[in-house]
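This report describes selected features of a multi-chain model, for reading beside the sequence and the coordinates. Please keep both in view while following the sections below.

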Amino acid sequence: MSFWFWNGLRRGVQTTRYPRAMEPESGVSPGRPLDTSFASTGEAERAAAQCPVGAIVARGKLAHVELGRCIHCQRCHFDARHPLEWKYDYEWTTTPRGASGYEVLPKVYRKSVHVIVVDAGDCGACLHEVKQLNNPLYNVHRLGIFFTPTPRAADVLLIVGPVSENMRVPLRKTYEAMPSPKRILAVGACALTGGVFGRSAMSAGGVSSILPVDLEVPGDPPPPLAILHGLLAIIGRKGVAAEVTS
Amino acid sequence: MVEIIRGSLLLFFILCGCGIVLSAATRGKAPLRVVAAFGTLCAVLMMLASALALVSGQTPELRLWNLEGFGSLSLSLDTLSAIFLFISGLVYLPASLFVAHLLGKAFHGRYPARRFGVLHFALMGSVILILTAHDAYSFLISWECMSILCYFLVNYEQGQTMDTRAGYIMLAMSEAGFLSIVLAFLIAGRMALDFTFPALAAGASHLSQGGVWGVFLLGFLGFGVKAGLLPVNFWLPRSYTAAPSAFVPVLAGVTLNLGFYGILRLNVELVPSHGCGPGVFALVTGSITALVGILYATTEDDMKTMLAHSSIENAGIIVAGIGASMVFRALGFAVPAAIALTAALYHVVNHSVYKTLLFQGAGEIEAVTGTRQMDRLGGLARFVPGLSVVFLVGCLSISAVPPFNGFVSEWLTLQSLLRSAVLTGPVVKIVFALCGAMLALTAALAVTCFVKTYAMSFLGIKRGPWNLRSAGRYGKVHFSSVYLAVACLLLGILPTFVVPALNRAVEPITGASAAASLVPPFFTATESNQQLPSAFLHDFHDLGAQTGSKIVPGRGLVLLVRGTEQNPVVFAMSPSYSIVALAILFFLTWFVVTRSTRKRRVSRNELWAGGIPRLLPEMSYTATGFSNPVRVVFQAIFRPNIVEDTRQTVSVHFRTAIHRRRDETHLVDRLFLHPIGDSVVWFAKFLARMHHGRLNAYVSYVLGFLLLMLLLFRLS
Amino acid sequence: MSVARSGVPEGFDLDRLISDVQERFHCAVSIADNGAIGSLNLEELPLLPALCRYLFWEAGYGFGGLIVEERFDHWELRYAFLVPSRGWIEVLVKLPLEVASIPSISADVHGADWHEREAEDLFGLQFEKHPRLGDFVLHDQFWGEGLAPFRKAFDMTQGHGNGQHNADWRPLLVVRDPGAFAMPVGPVYEGGIGESVHFMLETVGEDVLRAVPRLFFNFRGVEKIAEGRDVDQTLLLAERFAAKSSFAHSLAFCSAVERICGAAVPRRAKQLRIVLSELERLRHHAGTITGICESTALSVSAAHAAIIEERLLRASCRFGGHRYLFGLNTPGGLHRDVTDPECHDLLEAVDQATETLKRLEDGLLFTSSFLDRLEEAGVVDEESARDLNLVGPVGRASGRGHDLRRECPYGGYEQYPFEVPREKQGDGYARLRILFEEACQSAGLIRHVISSMEHGPICEPCRPKRPGAALGWAEAPIGATLHWLRLDEAGLVERYRVVTASFNNWMGFHTAVEDFAFQDFPIILATFGLSATECDR
């Protein structure tokens with residue numbers, strides 16, 4: 001048994017320094033496309049047409065990116081005919097479209113907040129990224145963020161997935177079982193807009209059609225640091241990106 | 001004073017007779033009213049007579065008849081009888097009212113209430129006769145009457161599908177026990193002038209060692225039948241289950257005590273043993289009985305059977321206390337003997353009260369829902385809240401939770417076993433230690449058992465298909481249950497008044513005063529009074545044992561276990577002070593919590609079950625599931641037979657059903673009843689070989705017997 | 001530990017099969033050009049169970065899956081069977097649309113049980129003598145019966161509006177003991193962060209006698225959504241319905257499209273595809289090992305394994321541009337190329353991961369408290385594994401050694417040497433050993449392929465010019481996966497069918513969980529390493 005102890009000591013501290021400092025290692029985020037100006041309107045429109053889900057909208061010569069729709073298919077990035085500018089960051093959390101602002105949780109939750117994660121039809125990637133937050137490289141416990149299995153003890157409801165039909169009632173019950181104050185964090189393109197599944201008889205096309213979403217984290221999947229940024233934004237330790245642009 | 005007592009006893013018998021006559025004469029529901037009214041009056045008289053007898057210390061005597069060649073039949077009420085008489089009165093009061101309450105609605109018309117009324121009063125009379133008998137003949141005659149009356153009452157509902165064999169087994173065992181008791185009295189009376197109790201006591205000192213052992217074994221096992229001791233108690237669960245719910249409270253609260261009375265009278269008072277052997281035998285038997293009883297109670301699903309096994313457990317604890325007392329007395333330690341005997345008597349009182357309460361509760365549950373299976377109950381607290389509160393009081397009492405009465409008597413019993421530190425022989429000490437451990441395990445299992453009972457019946461979701469029958473009448477809690485619950489509480493918080501009362505019976509038997517060592521006179525002793533060492537008094541004044549001396553009369557409110565000079569106080573406790581402290585704490589907590597959370601919003605939501613649409617009754621714990629760990633851990637004792645364990649499948653991989661049924665044969669049945677029965681049958685078959693029908697052989701039998709008789713006559 | 005090739009019954013070959021089949025079952029055997037090596041056209045429907053029994057038990061073939069298609073005027077049912085070391089054959093049954101019922105083969109081929117239940121729920125086909133139909137994909141609490149949402153007539157875009165639950169619904173409980181009850185677990189899982197699965201653990205208080213999983217809480221109807229989309233859009237769906245094996249699914253899909261188009265994938269693309277598949281397998285197994293360590297509450301080892309997995313995720317992101325390798329595969333090759341320094345970087349990361357895994361394995365095998373909990377936990381014997389058609393590492397731990405990379409090699413695997421580990425005990429410990437060994441083999445494959453990487457084009461564009469149907473397959477980290485694709489004249493998807501490894505293995509999960517102590521439940525679940533969302537699609 002002492003093997004574990006010495007091995008751990010020998011490895012040293014490997015946890016990221018975020019949120020005190022940005023994480024320098026590459027590979028922590030797939031990055032995102034930025035709004036890019038093109039030479040002509042036509043080129044911008046051709047650039048926008050590259051996106052299979054319509055996340056890029058041509059506004060004159062500017063190819064504007066609606067990050068909430070982006071499914072990270074990389075068609076506008078690698079070997080694209082009209083590549084967009086790309087940035088490898090991860091602070092992507094926004095308020096939902098049309099929302100006036102975000103009411104932060106009371107101050108007592110800044111150092112200790114409990115999160116319940118509900119898989120509402122998720123593909124597995126977003127859920128897996130959330131799970132990575134518990135590993136030593138990210139270690140959310142040091143920030144006072146804990147994952148709890150019961151909604152009775154939870155403050156934040158983290159939803160992944162486009163809300164499949166069979167999960168509609170359990171999700172609703174989970175939300176109602178949480179005591180107030182409570183907030184909802186929708187994580188992933190599916191939870192925001194339905195992703196590639198969209199709206200159908202089997203899927204509700206995003207959480208906002210069922211429950212009031214407080215903050216959204218776009219990406220498919222958003223990397224763990226983006227989800228961490230979202231959690232920190234919910235408790236008020238980080239600011240929300242008003243509109244995720246360049 | 002004596003006149004009053006005698007007068008009240010006479011009045012009691014007159015009222016009993018009136019009760020019998022009136023019950024027989026009236027029809028319809030009237031006999032039940034007679035039972036309620038006259039029964040209550042008789043119970044009050046019983047309590048009055050016995051209380052006066054205890055307080056005054058005088059023993060009135062009643063001479064009845066003089067039988068030719070046998071001696072005189074007489075009754076007398078000494079302190080030991082007075083205690084048991086008081087307990088009987090205490091139990092008969094609510095029991096009579098309960099009879100009217102339960103039989104009035106549920107079973108009216110099916111069985112004549114007259115019969116019940118007559119038997120009820122007859123049994124009451126015979127019980128009093130047993131308790132006040134002053135010679136062996138009246139004792140034995142009334143014992144036999146009581147046995148037969150019990151049999152009639154147990155088989156009162158003989159038209160039911162219930163096993164009438166249960167009553168028959170009870171009768172058979174009672175008769176066997178009776179035979180044993182008769183033999184015991186015969187042996188005891190060999191050296192005595194006649195068969196009155198004083199004469200027997202005088203003659204006992206001339207009995208040989210073997211005689212004393214004979215009286216003890218025969219008497220112990222004979223009375224043990226009624227008291228519910230291993231190995232002769234296999235009739236008890238069956239009879240308690242089969243008996244009508246109106247009668248079982250009396251069975252458990254009154255007739256069970258007769259067994260203890262018999263043991264105390266014959267084996268402790270009249271014919272005491274000189275060595276510690278009989279005491280150790282009683283102690284060990286009691287402890288094993290207690291453990292086996294509670295094991296079967298914990299894993300039982302039927303509420304009445306469970307309570308019956310629990311009665312066996314409590315009987316074991318009582319007899320263990322009696323046995324410890326016998327050992328201490330035989331080895332010359334009078335004070336520990338007194339403490340142990342006080343503990344046993346206290347437990348008799350407590351057990352009668354809370355067991356009656358629990359059986360009444362079980363009867364009401366059966367009347368309300370139609371079922372006794374705890375697997376099928378659940379959620380009753382919402383429908384019958386009053387009953388749930390009193391039943392909870394009963395469960396807490398029997399689990400020995402302060403501030404109720406069970407706590408005090410269990411504590412005293414275990415403390416008296418701990419006093420074995422004063423003993424010198426190593427074997428006896430080891431036996432005491434082992435028995436103490438068994439009783440501790442029993443106490444823990446009792447908590448499990450009653451947590452299961454209360455929680456599975458009253459809390460949770462409704463699991464069975466029953467609907468509430470006549471909830472209106474049974475929804476409100478009956479006076480008798482409240483009376484018993486209050487008695488449980490009072491007996492628990494005023495032990496310092498109960499112990500001196502019990503002491504009046506204990507002191508003549510053991511020769512030492514339990515009250516002097518358990519309940520020191522903190523209130524009545526001043527600094528200068530030499531009853532207690534002044535340093536000791538000083539310590540306790542500092543601790544506040546004087547508090548309340550102006551309000552509450554009596555000796556004090558603290559129970560002590562005194563030790564040697566170096567360690568004067570081994571342990572002290574006071575349920576009276578603690579209930580006041582508890583009440584203050586509860587009030588303070590309530591006050592603080594309600595004040596500080598006034599601004600909070602409370603939202604009520606449905607139960608969280610993982611997000612499934614509805615929590616169904618199939619998804620909640622059953623009583624069997626709750627007690628399964630006990631069943632598995634003690635598998636060696638239970639040895640369940642797997643009756644059915646099949647897996648039904650359609651095409652190998654698809655399971656449609658898994659059928660499992662386990663049956664258990666009771667330990668006693670397995671070890672005693674079946675082997676004895678089998679050997680008797682074997683012997684009978686062996687002898688049956690003589691019945692072969694050949695006439696020549698029969699003639700030769702006659703000839704052979706004649707020759708044998710002639711030879712014997714010649715030789716003698 | 002034994003490592004062996006999967007066996008073929010001695011002396012059984014395809015010619016004998018063909019003659020047997022033609023004689024006994026009156027089947028016409030034809031060559032198929034859709035990925036299967038042969039097609040058995042069954043005319044007489046009542047002979048279907050007998051034929052499947054013959055193929056599964058006597059010939060010893062594995063059962064792949066049931067593919068149901070509603071064509072314009074008839075049903076086409078394809079029962080896919082795997083011929084070891086050769087490829088796939090299919091039993092093709094054509095039925096009129098008004099057919100009343102189809103004989104169920106699940107009495108003989110138990111692995112077909114759930115396939116038939118799914119077909120009944122989604123298409124409304126009735127299977128005779130199936131022990132239990134209904135309440136499978138469409139939970140009866142929320143949906144009614146008889147909806148058949150996968151039929152052409154059903155409009156997927158409209159919500160069916162039935163949000164309320166059926167108040168009379170009761171679970172089907174199997175244990176009939178007077179004191180039995182069922183503990184519900186899920187769908188919002190008690191274990192913390194987990195997928196939505198619901199279990200009813202039936203017990204009498206001590207041991208759990210039976211645990212029945214209720215899946216399809218994550219059902220999004222991927223197969224139906226794909227209808228009418230073009231290949232590119234469907235590729236996005238294929239990658240994203242079960243992201244932890246995303247590359248394997250996209251590989252199977254692309255190979256189906258390539259087969260329809262008749263395209264040839266360039267050599268470099270094949271090699272890179274192998275590298276990426278094995279990278280995904282390595283990372284997936286590290287994740288499963290993390291799960292096993294977490295379930296036994298050996299937190300330190302779980303942390304170590306989690307670090308390995310996260311580093312592999314980062315390495316995948318640097319190499320392929322996305323942590324889960326989205327957006328790389330395309331029909332005809334890969335979307336983008338990689339440079340040599342990137343390959344070198346990946347090799348370094350893989351070496352580091354292998355070394356740490358080896359050290360972790362050594363540490364775990366010496367921790368007796370950990371092994372105690374895994375040994376004899378959730379035993380699936382070889383008989384049951386065969387019976388229920390378990391695939392992947394779970395099947396291989398119970399002695400059933402089918403690995404598609406060996407049985408019907410695809411994408412160039414036949415040119416590289418690697419071992420397929422096999423165990424016999426079928427308990428949690430055996431499954432753990434298989435995971436470690438397979439991770440090691442994957443790392444070895446990556447090294448081998450990168451060292452022999454050729455230069456050349458990365459993609460051969462492939463546009464479907466005519467309607468066609470084909471089967472694509474891949475050995476995903478959890479096991480064998482089939483994708484069946486039919487395109488119409490416009491190149492749009494007419495039918496997309498996915499048979500996943502998790503679907504097959506969840507079916508077999510319930511044999512492992514019978515008569516176990518309640519505390520072992522998370523451990524058995526973790527050693528199986530199944531994915532509910534991959535099963536639900």
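## Basis of the description

Contact means heavy atoms within 4.5 Å. Helices (H or I, at least four residues) and strands (E, at least two) are DSSP runs, numbered from the N terminus.

This is a predicted model, in which local features need pLDDT of at least 70 and side-chain atom pairs count only at pLDDT 80 or more, while totals for chains, interfaces and linings use all residues. Side-chain values use heavy atoms, with hydrogens and water left out; residues are numbered from 1 along each chain as its sequence is written, and chains are lettered from A and ligands numbered from 1 in the order in which they are written.

## A helix pair in chain C

In helix 7 (residues 267–295) of chain C, residues including C:L272, C:L276, C:L279, C:R283 and C:C293 meet residues of helix 8 (residues 299–320) of chain C, among them C:A302, C:A305, C:E309, C:L312 and C:F319. The two axes come within 8 Å and cross at roughly 160 degrees; axes are lines fitted to C-alpha atoms, for helices over the stretch in contact, and angles run from 0 to 180 degrees between N-to-C directions.

Helix 7 and helix 8 of chain C are therefore roughly antiparallel to each other. Angles under 35 degrees count as roughly parallel, over 145 as roughly antiparallel, 65 to 115 as roughly perpendicular and the rest as oblique. The crossing of this pair is left-handed, a term for a near helix turned anticlockwise from the far one by less than a right angle, with right-handed used if clockwise.

## Nonpolar cores

A nonpolar core is a set of buried Ala, Val, Leu, Ile, Met, Phe, Trp, Tyr and Cys residues joined through side-chain atoms within 4.5 Å. Buried means under 20% relative accessible area, exposed over 50%, and partly exposed in between (1.4 Å probe, protein chains only). The largest core has 185 residues, and B:L123, B:F139, B:Y240 and B:F247 have the most contacts inside it. Helix 13 (residues 334–369) of chain B supplies the largest share, 17 residues. A second, separate core of 182 residues includes C:L51, C:A349, C:L357 and C:F503.

C:L51 is found in helix 2 (residues 48–58) of chain C and, at 0% relative accessibility, counts as buried. Leaving aside residues up to four places away in sequence, C:L51 touches C:V21, C:F25, C:C27, C:L42 and C:V91.

## Helices of chain B

Helix 4 (residues 113–132) and helix 10 (residues 248–270) of chain B have axes that come within 11 Å and cross at roughly 25 degrees. That makes the two helices roughly parallel, and their crossing is left-handed. Here B:L123, B:V127, B:I130 and B:L131 of helix 4 meet B:V250, B:V254, B:L258 and B:Y261 of helix 10.

## Backbone details

Two cis peptide bonds may be inspected. One runs from A:S180 to A:P181, with omega near 0 degrees; another joins B:L230 and B:P231, with omega about -5 degrees.

C:N389 lies in the loop between helix 11 (382–387) and helix 12 (392–397) of chain C. Phi of C:N389 is near 65 degrees, a positive value in a residue other than glycine. At 2% relative accessibility, C:N389 counts as buried. C:F216, also not a glycine, has a positive phi of about 70 degrees and counts as buried at 1% relative accessibility.
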